[in-house]
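Please open the model in your viewer and keep the sequence beside it.

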Amino acid sequence: MRIYISPRDGVPIYLQVVQQVRRLVASGELMPGDELPSIRSLADQLVVNPNTVAHAYRELESAGIVTTSRGLGTYVTETSQSTAHAERRAVLGERIDALVLESRQMRIPFDEVLEMMHEREAAFRAGDELTGEGSEVICG
(Lines give C-alpha, C1' and ligand atoms only; values in the text may rest on other atoms or scores of the structure.)
Protein backbone atom coordinates (compact mmCIF):
# COMPACT_ATOMS: atom_id res chain seq x y z
CA MET A 1 0.00 0.00 0.00
CA ARG A 2 1.51 3.29 -1.11
CA ILE A 3 0.53 6.35 0.92
CA TYR A 4 2.38 9.62 0.69
CA ILE A 5 1.74 12.61 2.89
CA SER A 6 2.68 16.21 2.38
CA PRO A 7 2.80 18.26 5.58
CA ARG A 8 2.90 21.45 3.49
CA ASP A 9 -0.24 21.06 1.38
CA GLY A 10 -2.60 22.41 4.05
CA VAL A 11 -4.71 19.24 4.30
CA PRO A 12 -4.55 17.59 7.74
CA ILE A 13 -2.37 14.47 7.65
CA TYR A 14 -5.14 12.16 8.91
CA LEU A 15 -7.35 13.40 6.06
CA GLN A 16 -4.60 12.77 3.50
CA VAL A 17 -4.44 9.16 4.75
CA VAL A 18 -8.25 8.84 4.54
CA GLN A 19 -8.35 10.26 1.01
CA GLN A 20 -5.55 8.05 -0.24
CA VAL A 21 -6.98 4.86 1.24
CA ARG A 22 -10.37 5.73 -0.31
CA ARG A 23 -8.67 6.19 -3.70
CA LEU A 24 -6.78 2.90 -3.35
CA VAL A 25 -10.04 1.09 -2.56
CA ALA A 26 -11.97 2.87 -5.32
CA SER A 27 -9.28 2.07 -7.90
CA GLY A 28 -9.18 -1.59 -6.91
CA GLU A 29 -5.58 -1.42 -5.75
CA LEU A 30 -6.91 -2.36 -2.31
CA MET A 31 -9.45 -5.14 -2.55
CA PRO A 32 -12.13 -6.28 -0.10
CA GLY A 33 -10.50 -8.36 2.60
CA ASP A 34 -7.06 -6.78 2.17
CA GLU A 35 -5.37 -5.91 5.45
CA LEU A 36 -4.12 -2.40 6.08
CA PRO A 37 -0.87 -1.87 7.95
CA SER A 38 -1.18 -1.66 11.72
CA ILE A 39 -1.56 1.81 13.17
CA ARG A 40 1.94 1.74 14.61
CA SER A 41 3.48 0.37 11.41
CA LEU A 42 1.87 2.98 9.17
CA ALA A 43 2.70 5.76 11.65
CA ASP A 44 6.35 4.64 11.61
CA GLN A 45 6.41 4.52 7.80
CA LEU A 46 4.87 7.99 7.49
CA VAL A 47 6.83 9.37 10.46
CA VAL A 48 3.68 10.66 12.15
CA ASN A 49 2.05 10.24 15.53
CA PRO A 50 0.13 6.94 15.83
CA ASN A 51 -2.91 8.96 16.97
CA THR A 52 -3.00 10.54 13.51
CA VAL A 53 -3.26 7.13 11.83
CA ALA A 54 -5.78 5.95 14.44
CA HIS A 55 -7.92 9.02 13.64
CA ALA A 56 -7.74 8.21 9.92
CA TYR A 57 -8.69 4.57 10.51
CA ARG A 58 -11.67 5.65 12.67
CA GLU A 59 -12.86 7.94 9.86
CA LEU A 60 -12.50 5.12 7.33
CA GLU A 61 -14.38 2.76 9.60
CA SER A 62 -17.24 5.24 10.13
CA ALA A 63 -17.47 5.61 6.34
CA GLY A 64 -17.75 1.83 6.01
CA ILE A 65 -14.54 1.51 4.00
CA VAL A 66 -12.66 -0.57 6.55
CA THR A 67 -13.50 -2.69 9.54
CA THR A 68 -11.27 -3.00 12.56
CA SER A 69 -11.13 -5.92 14.94
CA ARG A 70 -9.10 -5.24 18.06
CA GLY A 71 -6.07 -7.50 18.03
CA LEU A 72 -6.84 -8.84 14.53
CA GLY A 73 -6.22 -5.82 12.32
CA THR A 74 -7.93 -3.44 9.93
CA TYR A 75 -9.37 -4.79 6.70
CA VAL A 76 -11.06 -3.36 3.62
CA THR A 77 -14.76 -4.15 3.92
CA GLU A 78 -16.49 -6.53 1.57
CA THR A 79 -18.30 -4.25 -0.86
CA SER A 80 -20.59 -4.89 -3.77
CA GLN A 81 -19.81 -3.61 -7.25
CA SER A 82 -22.35 -0.80 -6.85
CA THR A 83 -20.71 0.31 -3.59
CA ALA A 84 -17.27 0.31 -5.24
CA HIS A 85 -18.71 2.31 -8.15
CA ALA A 86 -20.31 4.77 -5.73
CA GLU A 87 -16.97 5.14 -3.94
CA ARG A 88 -15.16 5.82 -7.23
CA ARG A 89 -17.76 8.47 -8.05
CA ALA A 90 -17.37 10.02 -4.59
CA VAL A 91 -13.58 10.19 -4.94
CA LEU A 92 -13.86 11.69 -8.41
CA GLY A 93 -16.56 14.08 -7.18
CA GLU A 94 -14.13 15.51 -4.62
CA ARG A 95 -11.58 16.14 -7.37
CA ILE A 96 -14.24 17.77 -9.56
CA ASP A 97 -15.35 19.99 -6.67
CA ALA A 98 -11.76 21.17 -6.22
CA LEU A 99 -11.41 21.84 -9.97
CA VAL A 100 -14.67 23.79 -10.14
CA LEU A 101 -13.75 25.84 -7.09
CA GLU A 102 -10.27 26.60 -8.40
CA SER A 103 -11.58 27.56 -11.84
CA ARG A 104 -14.10 29.93 -10.22
CA GLN A 105 -11.36 31.50 -8.11
CA MET A 106 -9.27 31.96 -11.25
CA ARG A 107 -12.33 33.36 -13.08
CA ILE A 108 -12.14 30.78 -15.85
CA PRO A 109 -15.63 30.16 -17.25
CA PHE A 110 -17.02 26.67 -16.75
CA ASP A 111 -17.49 26.21 -20.51
CA GLU A 112 -13.78 26.85 -20.98
CA VAL A 113 -12.95 24.28 -18.27
CA LEU A 114 -15.14 21.71 -20.07
CA GLU A 115 -13.42 22.51 -23.37
CA MET A 116 -10.02 22.02 -21.73
CA MET A 117 -11.16 18.68 -20.29
CA HIS A 118 -12.32 17.50 -23.73
CA GLU A 119 -8.98 18.55 -25.23
CA ARG A 120 -7.01 16.70 -22.52
CA GLU A 121 -9.15 13.57 -22.86
CA ALA A 122 -8.66 13.60 -26.65
CA ALA A 123 -4.89 13.95 -26.17
CA PHE A 124 -4.85 10.96 -23.80
CA ARG A 125 -6.98 8.94 -26.20
CA ALA A 126 -4.67 9.80 -29.11
CA GLY A 127 -1.67 8.72 -27.02
CA ASP A 128 -3.40 5.42 -26.20
CA GLU A 129 -4.12 4.79 -29.88
CA LEU A 130 -0.52 5.54 -30.89
CA THR A 131 1.11 3.33 -28.27
CA GLY A 132 -1.62 0.75 -27.81
CA GLU A 133 -1.31 1.29 -24.08
CA GLY A 134 -3.17 3.17 -21.40
CA SER A 135 -1.77 6.40 -19.99
CA GLU A 136 -0.57 6.69 -16.45
CA VAL A 137 -1.07 10.04 -14.82
CA ILE A 138 0.62 10.78 -11.53
CA CYS A 139 -0.83 13.70 -9.61
CA GLY A 140 0.46 15.51 -6.59
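Does F110 count as buried, partly exposed or exposed? F110 has a relative accessibility of 47%, so this residue counts as partly exposed, where buried means under 20% relative accessible area, exposed means over 50%, and partly exposed lies in between (1.4 Å probe, protein chains only). Before going further, note that this is a predicted model, in which local features need pLDDT of at least 70 and side-chain atom pairs count only at pLDDT 80 or more, while totals for chains, interfaces and linings use all residues. Residues are numbered from 1 along each chain as its sequence is written, and side-chain values use heavy atoms, with hydrogens and water left out.

**The whole chain**

Helices (H or I, at least four residues) and strands (E, at least two) are DSSP runs, numbered from the N terminus. Of the 140 residues, 24% count as buried. Among the contacts with a separation of 6 or more, 48% are between residues 24 or more positions apart, a contact being heavy atoms within 4.5 Å. If you switch to a surface view, the protein exposes about 10100 Å², of which carbon and sulfur atoms supply 53%; accessible areas come from the Shrake-Rupley method with a 1.4 Å probe, and for residues only the protein chains shown count as cover.

Patches are made of residues with over 30% relative accessible area and no salt bridge, where like charges are joined within 9 Å and nonpolar side chains (Val, Leu, Ile, Met, Phe, Trp, Tyr) within 5 Å.

Next select D111, E112, E115 and E119, which form a negative surface patch. Lys and Arg count as positive and Asp and Glu as negative, whereas His and the chain ends are not counted; the place of a charge is taken as NZ of Lys, CZ of Arg, CG of Asp or CD of Glu. D111 lies in helix α5, which covers residues 110-131, and D111 is exposed because its relative accessible area is 62%.

**The salt bridges**

Side chains of opposite charge can pair when their charged atoms come close. The structure holds 3 salt bridges, each being a side-chain nitrogen of Lys or Arg within 4 Å of a carboxyl oxygen of Asp or Glu.

Select R2 and E29, whose side chains meet in a salt bridge at 3.2 Å, N to O. This pair links distant parts of the chain, 27 residues apart, with R2 in the segment before α1 (13-27) and E29 in the loop between α1 and β1 (35-36).

Now move to R22 and E94, which form a salt bridge at 2.5 Å, N to O. Here too distant parts of the chain are linked, since R22 is in helix α1 and E94 in helix α4 (residues 81-105), 72 residues apart. R22 is buried because its relative accessible area is 15%, whereas E94, at 32%, is partly exposed.

Finish with R125 and E121, whose closest N and O atoms are 2.3 Å apart in a salt bridge. Both residues lie in helix α5, 4 residues apart, about one turn of the helix.
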